[in-house]
Amino acid sequence: MSVNNTRPITPELVAEHGLNEEEYDRIVELTEREPTFTELGIWSAMWNEHCSYKSSKKWLKTLPTEGPQVVYGPGENAGVVDIGDGDVVVFKMESHNHPSYIEPYQGAATGVGGILRDVFTMGARPIAAMNALRFGEPDHPKTKHLVSGVVSGVGGYGNSFGVPTVGGEVNFHPRYNGNILVNAFAAGLAKADSIYISKAEGVGLPVVYLGAKTGRDGVGGATMASAEFDDSIEDKRPTVQVGDPFTEKCLLEACLELMATGAVIAIQDMGAAGLTCSAVEMGARGDLGVRLNLDDVPVREENMTAYEMMLSESQERMLMVLRPEKEAEAKAIFVKWNLDFAIVGETTDDLRFSIHHQGEEVANLPIKELGDEAPEYDRPWVEPGTHSPQEPHVFAPPDDYSAALLHLIGSPDLCSRRWVWEQYDTLIQGNTLQLPGGDAGVVRVEGHETKALAFSSDVTPRYVEADAYEGGKQAVAECYRNLVATGAKPLASTDNLNFGNPEKPEIMGTFVAAIRGIGEACLALDMPIVSGNVSLYNETNGEAILPTPTIGGVGLIDDWNAMARIGSADAGDVLFLVGTEGTHLSQSIYQREILGEETGPAPEVDLQMERARGEFVLAAIRSGYASACHDISDGGIAVALAEMCMASSEGAVCELAITYPHAALFGEDQARYIVAVDDEWANMFAANSEGSGVSFERIGTVGGDKLVINDLVDISVEELKTAYESWFPNFMGQQQFSEAAE
Amino acid sequence: MKATVVQFPGCNRDRDMIAAIAKIGGTAPQLAWHTDTELPDSDLIVLPGGFSHGDYLRAGAIAARAPVMDAVRAAADKGVRVLGVCNGFQMLTEAGLLPGSLMRNAGLTFVCKEVMLEAVNTDNMFTERYGKGEIIRCPVAHHDGNYFADEKTLKQVEGNGQVAFRYANGTNPNGSLNDIAGVFNAYGNVLGMMPHPENLIEPAHGGADGRRLFESVLGVLQRDAA
C-alpha cells in the first residue's frame, strides 16, 4: 500500500493535535506505520475528548439507561422514548460552550443547529427546544456582549428553522467569567416504526453526501473543544462554524421526504469532525469499510486539502447510505430543495477507511479501531470533601422580610427571563401549551386529542460545587419536580455534563460523584438517561467553571385539559405546601444574595420522599383538583409563592408554621411543592395527603392584590412584578422602542 | 370554497396556517410551490409566515420575485382574496401588492409575544366578524415588522380605510408607524398583517380571537359558493 506522506510528523505536530505520546504510539501501532498528515488529523478527530469520551466513558457506563419506555438509549444521535399510540419522542442535549465564548452568535446558533440535526437525522420532526445558558457575573466586562450574542444566536437559528423554544435556564456566576456554557436541547416527534440510525448495512452501496457545501470553517473544532482556554483564545475564532438555518430547514424537509421514500439505509449528520466522524460511525457500527473519493465532495472553497475536507465542521451536512434503486427519486428531492446530493463513496467489506483525493489514496486506516479502540482512561480522582451542616440560627435574619423578598426576585438569578425568551419564537407550530416562565414548557402532541409533552432543564451548580453527589441527585430531582408540577409523568432524561479539566483529580472526583448522584436519582425516579454529552476542559487560565451537569427531562401528560400551570390559581383557592417547613439555608440564594456568602453543604435529596410526594402531586393534578402547582426551589417558599402570585396576577394570604422565620421563608429544602386547590376540594386534598402519608400543610388562600406571609411579608403583586421584570431589561440597557421612536 | 397556501423554501408557519384553515374551514387547503407558474383555481390565496430564503436579502424580497408571484398578482388583479401573514405580508409589500414596507423592529431584536389589536376597518370580507374598534388579542413573532410608508402613501392608506389592524393599548412591539399592524390594498381583497391569527384559534392556544378572521374569509367564501 502506498500512502504518501506530504508533511513530516513531528512530536510538535502530534501535540498540536491534542494527542499525547502514548496515544501516538498506539496510533502508529494500529496504522501499522507512521500515519500521514491527513491520517493524523483523522485519528485526532476520533480520539479527542469530545468525540471519544475517553475520560468519561468508564463512568457514563454506570448510568441507568434502560426501561420499558426506552427504544434507543445513548449511542445514537439522540435518545428515543415511547409515548404510546405508535409515537416516540426523540431528544438530546448538547453543549456548544467553547465556540459560544469565542463567537457568541455563531457559537450558540450552530449549537442549536447541531442538536436539531441530531434529532431529525433520526427521522423526527423537531417540536421543542430549550437552552441552558450560564454566564459570568453581570458586572464582568464581557458578560453583556455574551448574553446579547448568545440569545440572538439561539433565536436567530431556532426562529428561522421554526422550532418553538419552550424552556431553559439562564444563570450568572463569576466562575463562568472565562468560559460560558451553552447547552442546547431539542426534541422531536416520530413514528416508532420509522426511526433511522447510523448503522450501515450492505456492501458496495453508495455513500451519499447531502446538504450544504464543505468549506474550511470549523477545521479542528472538536480538538479545540477538548482543550483548556488561555489568553490566545481570540486566535481560535476561525475554528468556529457559521450557521445557516435556512439550509437546515430545507435539509429537514428534504430528509423527511427522503425517508418517506424508503431510500435511506443509514444516515448520520456531520457534527463534530464532520465527514470523518460520520463516515467512521456508519461503517464501524455496521462492520463495514468505507471508501470516499473527496473529488466528489461538494466544496465552496478552492484548493481544499484532504486534511481540511476530512476535518471541516461546515454545518448543515449529512451522510447517508442509499438504496441504489432509489437514487433518481432521492436526488430529485434534493434538487427540489436546492441542496447538494453527491455520491462520494461506497461501503466495502474490508473494514478499512480509505480516502482518495486527486488520484491518490491519502488515508487508509482500520475503521473499527478508529471508532472503538479510542483510549479509555481511568483518570485519578479524589473523593470531594464535605461540609458540616449549619443550623438556621447561624445565619443572620434580614432586617425586613418584604425587602429581602423583593431583592431576591429582582436578583440576576431569580428575576424574570422574559427579556430572553421573548426573543425566541415560543409559539410556532401552534402546539405550545405552556411558555417559558413556568415549571416546564409544554407542547401538545400533534395528531392526538389530549396528549402533551413537558420539557425541563435543570441543575443547581452551586449545590454540585458544595456536594457533587447531592448536587447530581438534586439536578435530576428538580427536573422531575418541574415536570410533575405540570401534571406530566417523567419519562426519561438527557444529561449534558459540563466540567473542568479531568486531568485534575479534584475535578475528576467531582465528576465521578456527580454521576453517582445522577445515576441514583435517575434510577429512583425512573428517568433513565437516553442521550447526552460531556464537555470537559471548561477552564480558562486554570480556573474551572462550577461543575454543571445539566439534566434535560421529558414527561408525558395524558390529558392536557387537566394540566396544572404556575399561574392558574383562582381567587378563593386554598394553598397547600406539600412537604415540610424550610430549614436549609446553606448554599441558598438567600445566603448568597442577602448575606453575600456561599458556604456549607448542599440540601440533601431524599429520593424516596421525592418520589412519594411527586406521585401524590401528579395524582392530584391528573384527577383535576389541583388548579395550580409550582415546585419550591431557589429562594424557598417565599419566592415560590411570589412567582405564583405574579403569574396569576392574584395575591395570597398565608400563615406558615414557623420555627426560624428566615429558614421557613427562604430555606431550599428539597421535594416540596405548592399546590392550589379549589376550596370545594380542599378537605379531600388534605385527606388524601394524610392517606398517602405525604407531609402537607394548609398555608393560605389565594386572593387580593398582595402577598402576605404571617406578619413578615406584605407586598403588592404589582410591586413584586416591577422588581421581577426590571432587572434583565435594565441590565441589558434595553431601549424602549417607543421612546426611541418618538 | 378553495383556499391555496403557497409554500416557499424557508417558510415555517405554513403548517400552522394549513392547520388553521383545515380546522376552521373544514377542508385542508390546496398547496402551491414557489416555482409554480400557475395556481389551482382558488377563492383565497395565503402566503404564510416564516423565513423564506432565510430572509437573507430583505425579508420577503427573494420570495416576492419567485415565479409563483406572477400568478398571485394575476389572481389578486382578478379580485381573488390574498392573505399574507408575517413573512407573507413582507412578500406582498416587496411585490408591490400592498403599500409601505416592513423594516427591522425598532428594538432591533426578534420579538415573540402577545399584543392587542384594534380592528380598524371591519367593512371587509377579512374582518367583518370583528366589531369596529374591537380590541382583540393576537401573538406576534418577527424580526422585521416595523411598518413604514412615506407621507403620501401613509395618507392614502389612512384616508382610504386601508388600515385593517392597529396595535392597541400601547402594545406596538416594533415601532410601526401609526401603530399599523395590518393593511389592505386599495380594493380590499389583499390583506397583509404581521400578527399571527393562526396561532390563536382554539382553547389550546389560550384563546380564539384569531379565529374570526378565518371564519370571516372562509365563511364568506362558503356563502359565495352556495
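Colleague: Let's start with Asp85(A). Is Asp85(A) buried or exposed?

Modeller: Asp85(A) is exposed, because 11 other C-beta atoms lie within 10 Å. The cut-offs count other C-beta atoms within 10 Å of a residue's own: 20 or more is buried, 12 or fewer is exposed, in between is partly exposed, and C-beta atoms are placed from the backbone. This is a predicted model, where local features need pLDDT of at least 70 and side-chain atom pairs count only at pLDDT 80 or more, while totals for chains, interfaces and linings use all residues. Residues are numbered from 1 along each chain as its sequence is written, and chains are lettered from A and ligands numbered from 1 in the order in which they are written.

Colleague: Where is Asp85(A) found?

Modeller: In the loop between β2 (79-84) and β3 (87-95) of chain A. Helices (H or I, at least four residues) and strands (E, at least two) are DSSP runs, numbered from the N terminus. The phi of Asp85(A) is positive, near 55°, and Asp85(A) is not a glycine.

Colleague: What about Tyr53(A), buried or exposed?

Modeller: Tyr53(A) counts as buried, because it has 21 C-beta neighbours inside 10 Å. Tyr53(A) is in the loop between α4 (49-52) and α5 (57-60) of chain A. Its phi is positive too, about 55°, although Tyr53(A) is not a glycine.

Colleague: Changing topic: which residues of strand β15 of chain A are buried?

Modeller: β15(A) covers residues 441-444, with Gly441(A) and Val443(A) buried on one side and Val442(A) and Arg444(A) buried on the other.

Colleague: How many bridges join β14(A) to β15(A)?

Modeller: Two, and the strands run antiparallel, β14(A) being residues 432-434. Strands pair if DSSP finds at least two bridges between them. Thr432(A) stands opposite Val443(A). The two strands form a hairpin with six residues between them, and Gly437(A) in the turn has a positive phi of about 105°.

Colleague: And how many join β15(A) to β16(A)?

Modeller: Four, again antiparallel, with β16(A) at residues 452-458. There, Gly441(A) stands opposite Phe455(A).

Colleague: Now helices. At what angle do α18(A) and α21(A) pack?

Modeller: About 10°, with the axes 10 Å apart; α18(A) is residues 468-484 and α21(A) is residues 607-622. Axes are lines fitted to C-alpha atoms, for helices over the stretch in contact, and angles run from 0 to 180 degrees between N-to-C directions.

Colleague: Over to chain B. Which residues of α2(B) are buried?

Modeller: In α2(B), residues 68-77, they are Val68(B), Met69(B), Ala71(B), Val72(B), Ala75(B) and Ala76(B). They lie on the same side of α2(B), because they cover an arc of only 155° around the axis, the arc being that of the directions from the helix axis to the C-beta atoms. The face turned away from that side carries the exposed Ala74(B) and Asp77(B).

Colleague: Last one: how many residues does each chain give to the contact of A with B?

Modeller: Chain A gives 28 residues and chain B gives 29 residues.

Terms used. Contact = placed C-beta atoms within 7 Å.
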